[in-house]
Amino acid sequence: GCFAFWMWLRLDRSPWWATAGIISLVIFAVILTRSEAAFAGRTYAAYGGVYIVSSLLWLWAVEGVSPDRWDVAGAGMCLVGAAIILWAPRPLIQ
């Protein structure tokens with residue numbers, strides 16, 4: 001979604017790119033609202049790790065720039081953090 005706005009505003013692409021960006025961001029927001037309210041913060045935090053990895057994959061696949069070892073190390077740390085946030089043992093909330 002955000003890259004669609006980049007295409008429109010920075011690369012002078014069609015305004016239809018902005019429309020596609022809006023649609024994708026709305027879909028994303030709706031999907032995230034499906035998590036339980038008690039866990040919404042954790043859902044957003046875990047998404048952050050996935051977003052970072054996806055951004056580096058985009059950098060590599062679309063922009064043709066290979067992530068360096070620091071990119072990979074940082075993304076790995078983010079995924080480990082997201083996994084801890086998601087799957088750490090916790091008491092059930094009632």
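In the predicted model, the axes of α3 and helix α4 (residues 69-87) approach within 9 Å and cross at roughly 160 degrees, where axes are lines fitted to C-alpha atoms, for helices over the stretch in contact, and angles run from 0 to 180 degrees between N-to-C directions. The helix α3 is therefore roughly antiparallel to α4, a term that applies to angles over 145 degrees. Helices are DSSP runs (H or I, at least four residues) numbered from the N terminus. The crossing of α3 and α4 is left-handed, that is, the near helix is turned anticlockwise from the far one by less than a right angle. From α3, the residues Arg42, Ala45, Ala46, Gly49, Val50, Ile52, Val53 and Leu56 meet Asp71, Ala75, Cys78, Leu79, Ala82, Ile85 and Leu86 of α4, with contact meaning heavy atoms within 4.5 Å. By class, 12 residues of this contact are nonpolar, one is polar and two are charged; Ala, Val, Leu, Ile, Met, Phe, Trp, Tyr, Cys and Pro count as nonpolar, Asp, Glu, Lys and Arg as charged, and the others, Gly among them, as polar.

For α1 and α2, the axes come within 7 Å and cross at roughly 165 degrees, and these two helices are therefore roughly antiparallel to each other. Their crossing is left-handed. The contact involves Cys2, Ala4, Phe5, Met7 and Trp8 on the α1 side and Trp17, Ala18, Gly21, Ile22 and Leu25 on the α2 side, and its residues comprise nine nonpolar, one polar and no charged.

The largest pocket has a volume of about 390 Å³. On a 1 Å grid over the protein atoms alone, a pocket is an open set of points where a 1.4 Å probe fits, with protein on both sides within 12 Å along at least five of seven lines, and lining residues have an atom within 4 Å of a point. Of the 14 residues lining this pocket, Gly1, Cys2, Phe3, Tyr51 and Ser55 are the closest to its centre. At least two lining residues come from each of α1 (2-10), α2 (16-32) and α3 (40-61), and α3 gives the most, with six. The lining comprises 10 nonpolar residues, three polar and one charged.

Residues are numbered from 1 along each chain as its sequence is written. Local features need pLDDT of at least 70 and side-chain atom pairs count only at pLDDT 80 or more, whereas totals for chains, interfaces and linings use all residues, and side-chain values use heavy atoms, with hydrogens and water left out.

Note on methods: Grid points are joined across faces, edges and corners, and a volume is the space filled by probe spheres set on the points. Angles under 35 degrees count as roughly parallel, over 145 as roughly antiparallel, 65 to 115 as roughly perpendicular and the rest as oblique.
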